[in-house]
Amino acid sequence: MKKISVSRRFFLAGAYAILVIAALLCVLPFINLLAISFSDKTAVAAGRVTFLPIQTTTASYRYLISDHQFLRSFGTSLLRVIIGVSVQLLIMLPAAFSLSHSKDQLFGRSFYAVYFVITMIVSGGMIPSYLVVAKLGLIGSFWSMILPMAVPVYNMIILMNFMRSLPKELEEAAMIDGATPMKTLISVVIPISKAGIATVMLFCIISHWNSWFDGMIYLDSVSQYPLQSYLYAQLRSIDRMMREMETNYEALAKLVNMRTTRAAMMFIGALPMLIVYPFLQKYFTKGLVLGSVKG
Amino acid sequence: MLLPAVVFILLFSYFPLYGVIIAFQKYNPTTSFSSTWIGFQNFATVFLLPGFTRAVVNTMFISFMKIVAGIVFPVMFALLLNEISIMWLKRSIQTLIYLPHFISWIILGGVFKEILSTDGGIVNTVLSRVGIRPVFFLGEKGVFPYTLLFTHVWKEFGYGTIVYLAALTNIDPGLYEAGMIDGAGRWRLTWHITLPGILSIITLMTVLSIGSVMNAGFDQVFNLYNTAVYETGDIIDTFVYRMGIEQAQYSTASAVGLFKSGVTAVLMILSYYLADRAAGYRVF
């Protein structure tokens with residue numbers, strides 16, 4: 001049997017300790033948030049809440065349910081994820097499939113490669129992008145959050161690399177049987193690309209759910225905001241109250257109420273990601289490695 | 001089958017690229033893309049603004065710290081995780097440390113304002129118990145860049161760890177056996193086999209991160225900063241935002257944006273070239 005030396009034991013104990021502490025540090029802020037959201041507001045204001053709720057109450061969640069705009073923004077975000085990710089997949093899948101072919105099979109492949117990679121290197125920046133969206137008449141429209149994000153080039157490349165690694169024989173067999181490229185994609189390539197598609201879908205879902213800046217600058221009113229933009233607006237107004245706090249007692253009273261509500265809001269805002277992520281994690285590690293480190 | 005992708009990229013990536021010409025114009029909102037040509041005047045105006053130089057310096061300082069920490073911490077954690085033989089623990093730790101990556105800076109901004117606050121924030125509460133005076137993590141200009149660094153590392157180190165961990169599992173176990181037969185201890189194995197084994201990945205990730213020198217993290221800074229820390233915390237992107245979106249100075253803001261984009265493009269081309277030379281990495 002292998003015996004473990006004393007110094008090795010010390011080392012391992014240290015390694016485990018560091019890793020467990022780091023892992024805890026990554027979740028404790030969320031637990032603190034959760035505890036605050038379920039605590040009584042006066043306990044929170046007194047700084048007594050750490051990782052367990054004090055005088056447990058669901059008041060802040062009841063308040064959130066009565067906040068129509070919060071619910072509407074939550075709905076907008078869900079809709080945005082569903083439509084946005086569908087649009088991305090509809091465009092990306094055929095494009096990645098085409099690009100996964102060699103230079104001989106796809107006329108102009110080198111041109112397309114350069115065409116797409118350039119957009120990863122240079123961008124017009126914030127203001128010209130805003131002006132293009134404005135020119136297209138998308139300001140104030142739901143589609144201003146969908147269309148500019150329709151082709152995530154990096155994800156498309158991950159998909160392309162994934163499709164490239166598939167056995168070519170299946171596709172050739174489908175072609176010989178007379179299937180069109182679209183038919184081949186739908187009935188041969190997509191069914192065997194599930195892991196790759198799941199990875200990319202996870203990235204797309206996350207980027208749509210977490211986007212807030214586009215909603216904030218492209219939409220006209222808070223009533224159209226997706227959840228993250230709405231949260232931004234809310235947090236800003238709380239900040240403003242904090243600044244006025246010293247002079248304005250009314251603001252102070254409001255703030256005490258807001259702190260637990262804010263925690264509840266942030267927790268609900270993070271919740272879908274906390275739920276989705278563990279399910280797709282096993283694909284995601286594979287996909288990320290595939291996309292970033294390839295020979 | 002490529003057509004939709006090509007069209008959307010044309011619309012939302014190439015049109016804005018063409019749109020940067022407004023950086024050379026006196027922008028007129030009514031005629032937009034056909035305004036008066038004034039050459040480099042916008043650049044001259046902008047480069048003389050004190051806020052601009054400050055933003056460039058801050059951007060480079062913050063992103064440089066982030067790049068270094070973004071290599072050191074993930075490599076360290078990958079090495080430590082690699083030593084763990086209890087699989088369920090290893091997997092749970094991985095799951096937990098990637099978690100923050102998936103949460104937006106809107107929410108994290110709120111979380112950090114909450115836990116770092118000077119009245120009742122949990123971090124300062126703990127500090128005061130051990131006798132340290134409260135620290136204004138988000139309001140003291142000397143501290144703010146480091147708050148940015150720590151919160152960034154906190155959010156992203158787990159994500160970076162995956163890549164190195166994957167590289168570690170690809171090292172040929174035969175090398176370790178050979179090393180042990182030759183009488184090498186753990187540290188020597190790590191130094192002579194593990195590190196050289198992942199060196200190419202470390203080089204690759206370092207080289208690729210050169211391209212992000214001008215990106216100090218808009219989402220993060222925007223959600224954490226305030227006027228008290230502009231001096232050390234204002235970065236190019238937040239500067240462009242305030243100038244362009246808040247004050248509607250489209251032309252000058254685009255000039256700053258173009259400056260940033262130009263430097264980034266040069267750095268990225270350089271880094272892709274180096275990555276190809278050093279590790280045979282190709283994007284496409």
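Biologist: Before we start, what is pLDDT?
Modeller: pLDDT is the predictor's confidence in each residue, from 0 to 100. This is a predicted model, and chain B averages a pLDDT of 84.

Biologist: OK, and what share of chain B's residues score at least 70?
Modeller: That would be 95% of the residues in chain B. As for the model's other scores, ipTM is 0.82 and pTM is 0.83.

Biologist: How many residues of chain A are in contact with chain B?
Modeller: On chain A it's 71 residues, and they are in contact with 63 residues of chain B. The chain A side of that divides into 52 nonpolar, 16 polar and three charged residues.

Biologist: Let's zoom in on α1(A) and α3(B). At what angle do they cross?
Modeller: Roughly 120°, with the axes coming within 10 Å. Angles from 65 to 115 degrees count as roughly perpendicular and those over 145 as roughly antiparallel, so α1(A) and α3(B) are oblique to each other.

Biologist: Left-handed or right-handed crossing?
Modeller: The crossing of α1(A) and α3(B) is left-handed.

Biologist: Which residues meet there?
Modeller: From α1(A) you get L12(A), A15(A), I18(A), L19(A) and A22(A), and they meet F77(B), L80(B), L81(B) and E83(B) of α3(B). By class, that contact has eight nonpolar residues, no polar ones and one charged.

Biologist: New topic: what domains does chain A have?
Modeller: The domain assignment gives domain 1 (1-57) and domain 2 (67-292). Nine residues of domain 1 are in contact with nine of domain 2 in chain A.

Biologist: Which element gives the most to the domain 1 side?
Modeller: α1(A), with five residues. That side of domain 1 has six nonpolar, two polar and one charged residues.

Technical notes: Residues numbered from 1 in each chain as written. Chains lettered and ligands numbered in written order. Predicted model: local features only at pLDDT ≥ 70, side-chain atom pairs only at ≥ 80, totals over all residues. Contact = placed C-beta atoms within 7 Å. Nonpolar A, V, L, I, M, F, W, Y, C, P; charged D, E, K, R; others polar. Axes fitted to C-alpha atoms, helices over the stretch in contact; angles between N-to-C directions. Helix = DSSP H or I, 4+ residues; strand = E, 2+ residues; numbered from the N terminus. Parallel < 35°, antiparallel > 145°, perpendicular 65-115°, else oblique. Left-handed = near helix turned anticlockwise from the far one by under 90°. Domains from an automatic or database assignment.
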